[in-house]
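These are my notebook entries on one structure. I record what I looked up, entry by entry.

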Amino acid sequence: MHHGLQCHLSNPQVKTQDINSINDSSNHVIEYIFGFPILHDFHILLFIIFFFIYLLSVSGNGLIFIVVTLEQKLHHTPMYFFVRNLSLVDMMTTIATIPKMLNKFSTHPDSFSFQGCFVQMYFFVSFNAIECYLLSVMAFDRYVAIYSPLRYHSIMNRQLYISLALVSWTLGFASPIVVIILALKLPSCGADDIQHYYCDHPLLIQLACADTPLHVKIGTSLSALLLITCFTMIVMSYSRIIISILRIPSSEGRSKTFSTCASHFIVVNMFFLPPIFMYIFPKPFYSSDIDLLVDMLYTVLTPMLNPIVYSFKNRDIKDSLKKHILHIKKDHQ
């Protein structure tokens with residue numbers, strides 16, 4: 001699925017080879033060819049840049065996860081419980097993609113086993129689906145907090161918010177199963193090249209020696225259904241949030257209320273704008289380099305930026321970070 005959730009709308013080219021030339025998929029090797037031809041001679045520079053992004057993403061998300069876990073008043077708050085889950089997903093998404101990119105830059109050319117490619121695709125799609133569901137649940141949480149503040153704790157009780165998180169994880173891990181099973185049944189033609197930096201559904205089915213329009217339609221339909229469902233839930237929640245905020249008489253009150261969901265609003269935009277761009281502007285209208293650039297923004301930069309957004313835009317997390325940093329300094333004095 002494109003961007004972990006979205007499939008290309010155009011049909012992949014079908015390879016026609018004699019069936020006798022098709023090897024056992026267990027012996028297949030897939031080689032990565034990194035996009036942006038002008039950057040092919042800058043492997044060391046790319047390695048340094050993406051290694052820095054990797055460290056920042058893993059450490060930033062890991063830090064927020066640890067702080068929320070250690071801080072009791074945050075840990076037992078629905079919003080921060082979801083933030084902790086989101087940080088964990090972003091950290092796992094980064095671990096699922098960037099290390100293979102770093103390996104590519106350090107050992108050019110790089111290859112991946114056929115089975116390994118499917119494993120990477122499964123976890124990458126799952127983590128993105130989980131994040132999609134979590135962002136929808138977080139929007140609902142903010143809606144309840146702003147629309148019914150007096151009933152918030154009775155509605156968003158511990159049993160409900162833990163159940164919502166478990167459902168998000170379960171549905172996320174179940175999301176790619178259908179396309180994975182269908183793709184595994186396709187015959188592959190042996191060693192092939194992928195001009196990308198991770199294994200994705202549209203790229204894998206292009207390697208098949210069989211007709212694949214049905215696979216494209218199923219993948220596109222499932223990913224579109226997921227995106228539309230999550231996005232609709234978020235839009236509905238924020239519509240009610242905006243209505244509630246506009247009813248507040250003072251500008252100070254409106255500003256203070258909106259600030260409670262500002263971080264989530266920014267993260268939602270970073271998550272949904274790239275796939276929306278890809279749907280509004282089909283691939284024939286832009287180059288493959290643009291496709292790769294938007295993909296990279298979505299899969300690499302967003303997980304890195306999320307902890308920055310939450311730490312700079314959220315007072316509770318900033319205060320908790322300062323508290324634990326001062327505590328560590330005090331212990332070392």
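**Entry 1: the second largest pocket.** I looked up the space in the second largest pocket and found about 440 Å³. Of its 19 lining residues, Met79, Tyr80, Thr260, Asn314 and Asp316 are the closest to the centre. I noted the elements that give two or more residues to this lining: helix 2 (72-75), helix 3 (78-106), helix 4 (114-147), helix 10 (251-259), helix 11 (262-280), helix 12 (288-313) and helix 13 (315-332). Helix 11 gives the most, with three residues. The lining divides into seven nonpolar, six polar and six charged residues.

I also wrote down the terms. On a 1 Å grid over the protein atoms alone, a pocket is an open set of points with protein on both sides within 12 Å along at least five of seven lines, a cavity is a set where a 1.4 Å probe fits but cannot get out, and lining residues have an atom within 4 Å of a point. Points are joined across faces, edges and corners, and a volume is the space filled by probe spheres set on them. Ala, Val, Leu, Ile, Met, Phe, Trp, Tyr, Cys and Pro count as nonpolar, Asp, Glu, Lys and Arg as charged, and the others, Gly among them, as polar. Helices (H or I, at least four residues) and strands (E, at least two) are DSSP runs, numbered from the N terminus.

**Entry 2: the source.** The model is predicted: local features need pLDDT of at least 70, side-chain atom pairs count only at pLDDT 80 or more, and totals for chains, interfaces and linings use all residues. Residues are numbered from 1 along each chain as its sequence is written, and side-chain values use heavy atoms, with hydrogens and water left out.

**Entry 3: the cavities.** I found that a search of the whole structure gives three cavities of 30 Å³ or more. The largest cavity has a volume of about 60 Å³. Asp90, Thr93, Asn128, Glu131, Phe271, Tyr298, Thr299, Thr302 and Pro303 line the largest cavity. Helix 3, helix 4 and helix 12 each give two or more residues to that lining, and helix 12 gives the most, with four. By class, the lining has three nonpolar, four polar and two charged residues.

Entry 4: Which residues of helix 7 (residues 177-184) are buried? I found Val179, Ile180 and Ala183 buried (under 20% relative accessible area; over 50% is exposed, and partly exposed lies in between, with a 1.4 Å probe and protein chains only). They lie on the same side of helix 7, because they cover an arc of only 100° around the axis, taken from the directions from the helix axis to the C-beta atoms. Their cover includes helix 4, helix 8 (201-205) and helix 9 (213-246).

Pro176 is in the loop between helix 6 (158-174) and helix 7. Pro176 is buried, with a relative accessible area of 1%. Not counting residues up to four places away in sequence, Pro176 touches Tyr122, Val125 and Ser126 (contact means heavy atoms within 4.5 Å). The C-alpha atoms of Pro176 and Tyr122 are 6.2 Å apart, although 54 residues separate the two along the chain.

**Entry 5: the whole chain.** I counted 13 helices and three strands in the protein chain. Of its 333 residues, 50% count as buried.
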